[in-house]
Amino acid sequence: MTLEELLHEPPARLDALPIGLLANLQTQAQSHLAQASQIVAILHGVFSRRYAAGLNTTGTHRRIDGDYEIRIEVPKNVAWDQAKLAAAIETIRDWGENPADYVDTKLSVSETSYKAWPPAIRDLFTPARTVKPGKKKFEVALAQKEAA
C-alpha cells in the first residue's frame with residue numbers, strides 16, 4: 001500500500017493493516033512532511049526576498065506581479081513589559097479604579113513549581129488545577145529481540 005492509496009481506504013481496512021506496513025507508511029509520511037516543510041520554508045524565503053524586502057510596517061500589503069496579486073500579511077506582535085504593567089495596575093488601583101476594567105489578567109502556575117511545593121501549599125491550589133490529556137504521539141520502531 002502507498003501513501004496515496006492510504007488516503008482512499010476506509011478506517012476499518014486501515015485498522016486491520018499489519019504493524020510493519022503501518023510503521024513503513026508512518027516513516028514515509030514523516031519523511032514527506034519534513035521535505036514539505038523544507039520546501040515551504042524555501043518558498044517563503046523567495047516570496048520574502050522578492051515581495052517583502054524592506055517591508056516592516058504591520059498590516060496587509062499587496063504587490064502585483066504580472067497577472068498575480070500577492071497579498072502580504074505582516075502581523076503585529078505586541079509584548080508587554082510585565083514590571084511596567086504591574087506598576088500601571090497599581091497606579092489605577094491608587095486612583096480608586098478597577099484594573100480589571102482595563103487589563104486582562106491570566107494567572108498560571110508552572111507544573112514544575114507546583115510539584116515542588118510543600119503539600120499544604122499544593123493542597124491550597126489543587127482545586128483550581130485541571131489536567132487534560134494532550135494530543136497523542138506515536139513512535140514505531142522494531143523491538144529489540146533478546147538473544148536466546
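A polar contact is a pair of N or O atoms within 3.5 Å; within protein, one atom must be able to donate a hydrogen and the other to accept it, and residues adjacent in sequence count only if both atoms are side-chain atoms. The structure above is a predicted model, in which local features need pLDDT of at least 70 and side-chain atom pairs count only at pLDDT 80 or more, while totals for chains, interfaces and linings use all residues. Residues are numbered from 1 along each chain as its sequence is written, and side-chain values use heavy atoms, with hydrogens and water left out.

Helices (H or I, at least four residues) and strands (E, at least two) are DSSP runs, numbered from the N terminus. H4 covers residues 82–94, and its 13 residues should span 18 Å at 1.5 Å a residue; the end C-alpha atoms are 18 Å apart, which agrees. The expected span of a helix is 1.5 Å times one less than its number of residues. After H4 comes Gly96, with a positive phi near 85 degrees.

The overall architecture may be considered next. The protein chain contains six helices and two strands, and along the sequence these elements follow the pattern α-α-α-β-β-α-α-α. The radius of gyration of the protein chain is 26 Å, well over the 15 Å that the globule rule gives for 148 residues, so the chain is more spread out than a compact globule. Here the radius of gyration is taken over C-alpha atoms, and the globule rule is 2.2 Å times the number of residues to the power 0.38. The C-alpha trace spans about 70 × 65 × 30 Å along its principal axes.

Burial and contacts describe the chain further. Buried residues (under 20% relative accessible area; exposed means over 50%, and partly exposed in between, with a 1.4 Å probe and protein chains only) make up 9% of the 148 residues. Contact means heavy atoms within 4.5 Å. Among contacts between residues at least 6 apart in sequence, 14% join residues at least 24 apart.

Within H3, Ala23, Leu25, Gly45 and Tyr51 are buried. The buried residues of H3 pack against helix H1 (3–6), S1 and S2.

The two strands come next. Strand S1 (residues 59–65) and strand S2 (residues 68–74) pair in the antiparallel sense over seven bridges; two strands pair if DSSP finds at least two bridges between them. S1 and S2 form a hairpin with two residues between them, and Gly66 in the turn has a positive phi of about 60 degrees. In a regular strand the side chains alternate between the two faces of the sheet.

Two residues of S1 show the pairing in detail. Gly59 belongs to strand S1 and stands opposite Val74 in S2. At 27% relative accessibility, Gly59 counts as partly exposed. Leaving aside neighbours within four places in sequence, Gly59 is in contact with Ile72, Glu73 and Val74. Gly59 and Leu33 are 26 residues apart in sequence, and their C-alpha atoms lie 30 Å apart in space.

His61 is also found in strand S1, where this residue stands opposite Ile72 in S2. With a relative accessibility of 14%, His61 counts as buried. Not counting residues up to four places away in sequence, His61 touches Leu55, Ile70, Arg71, Ile72 and Val74. A polar atom of the His61 side chain lies 2.8 Å from the backbone oxygen of Thr57.

Leu85 lies in helix H4 and is partly exposed, with a relative accessible area of 23%. Leu85 and Val103 are 18 residues apart in sequence and 8.9 Å apart in space, C-alpha to C-alpha. Leu124 is found in helix H6 (residues 119–125) and, at 62% relative accessibility, counts as exposed. Leu124 and Arg93 are 31 residues apart in sequence, with 27 Å between their C-alpha atoms.
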